[in-house]
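Hello,

Here is the structure for you to look over. My notes follow below it.

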Amino acid sequence: MRRLITILIGTLCLLSAHVVHAIDMRAVKVGPHSWYVMGKAGMASAVNEGFMSNAGFVITPDGVVVFDALGTPALGERLIGEIRKLTDKPIRRVVISHYHADHYYGLQAFKAVGAEVWSHRRGLEALNSDGAQARLAQRRADLFPFVDDKTRLIPADLWLDGDTAFEMGGLHFRITYVGPAHAPDDVVMEVVEDKIMFAGDMLFRGRVPFVGDADTAQWLRALDLLIAARPDALVPGHGPASTNPQADLALTRDYLIYLRESMGKAVADLKSFDEAYASTDWHQWQKLPAFREANRANAYNVFLQMEKGSLR
């Protein structure tokens with residue numbers, strides 16, 4: 001029944017001109033050569049067609065570099081369409097911030113136009129995991145027809161072992177491995193001449209981040225690194241681009257610190273998670289978007305991490 005309802009919703013999304021589609025995707029300029037598209041708020045669904053994360057691209061005289069490919073093949077095609085409104089230069093390279101579904105399912109469209117894919121080697125672990133297959137099955141159910149039996153999980157053409165740099169069309173790019181943090185394979189990409197950083201899910205701007213099984217201690221170290229880099233603008237994995245990156249990065253940092261401190265104290269006091277969560281003062285964060293959807297799960301995951309750390 002759930003799949004039938006999802007199929008009907010997806011079909012209506014395709015047929016109705018009044019439904020908000022990913023077709024309203026719009027490229028926003030954030031630097032002399034740099035652009036991004038911003039996904040919708042909320043979780044991936046047939047209604048938003050899975051368009052709930054960001055992607056960016058940089059137009060150079062020799063070709064286009066893309067950062068992340070969005071969450072469905074159709075969204076990848078739509079992103080290519082936005083690029084084509086601005087340039088006919090070939091799309092040469094796609095850098096994937098991390099192998100989570102909402103950031104790489106669009107790769108099929110980019111491979112079809114000849115782009116090569118770069119990502120950190122630890123993404124191969126995620127791609128080959130049982131979890132990746134389970135996520136694909138879930139997306140085929142929840143995002144049909146935008147993710148279907150023809151959707152394939154695309155590996156990188158080049159698996160990076162660490163930091164790297166390259167030049168294209170006179171512009172210089174720096175890819176920095178900052179994982180394991182939000183994900184084991186997190187990378188960020190800096191466009192040196194534009195003073196722009198594409199940060200993936202290292203930053204969920206203006207909202208509660210999704211922690212999942214993140215390494216929150218390393219995430220905090222990576223956030224300090226990004227704060228110290230002082231880019232003029234930063235494109236997060238979710239939410240609008242930041243022209244005050246230090247403040248926005250600090251918000252995510254402070255939230256993670258609070259999670260670790262509050263859950264760590266509860267573990268030290270031998271409280272159960274339910275006791276810990278109920279006794280924690282969340283007022284500083286509860287008005288942020290995604291608090292209701294993400295905070296309890298975030299706190300639980302951090303509680304387990306702190307509990308595991310206390311046993312070492």
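Which residue is the bridge partner of F204 in strand 12? It is H238.

Some ground rules. This is a predicted model, so numbering runs from 1 along each chain as its sequence is written, local features need pLDDT of at least 70, side-chain atom pairs count only at pLDDT 80 or more, and totals for chains, interfaces and linings use all residues. Side-chain values use heavy atoms, with hydrogens and water left out.

Strands first. Strand 11 (residues 196-204) and strand 12 pair in the parallel sense over 5 bridges; pairing takes at least two DSSP bridges. Strands are DSSP E runs of at least two residues, and helices are H or I runs of at least four, numbered from the N terminus. Strand 11, helix 7 (residues 216-229) and strand 12 form a right-handed β-α-β unit. Right-handed means a clockwise path from first strand over helix to second, with the strands pointing away from the viewer. In strand 12 (residues 233-238), 6 of the 6 residues are buried, so the rest of the structure largely encloses it. Buried is under 20% relative accessible area (1.4 Å probe, protein chains only).

Now the rings. The count is 14 aromatic pairs, with Phe, Tyr or six-membered Trp ring centres within 6.5 Å. Y104 and Y105 have centres 5.2 Å apart and planes at 85 degrees, so they are edge-to-face (over 60 degrees). Both Y104 and Y105 are buried.

R93 has its charged end over the ring of W118, 3.9 Å from the centre. The criterion is Lys NZ or Arg CZ within 6 Å of the ring centre and within 35 degrees of the ring normal.

Best wishes

Conventions:
Buried < 20%, exposed > 50% of the residue type's maximum accessible area, 1.4 Å probe, protein only. Phe/Tyr/Trp six-rings, centres within 6.5 Å; stacked < 30°, edge-to-face > 60°.
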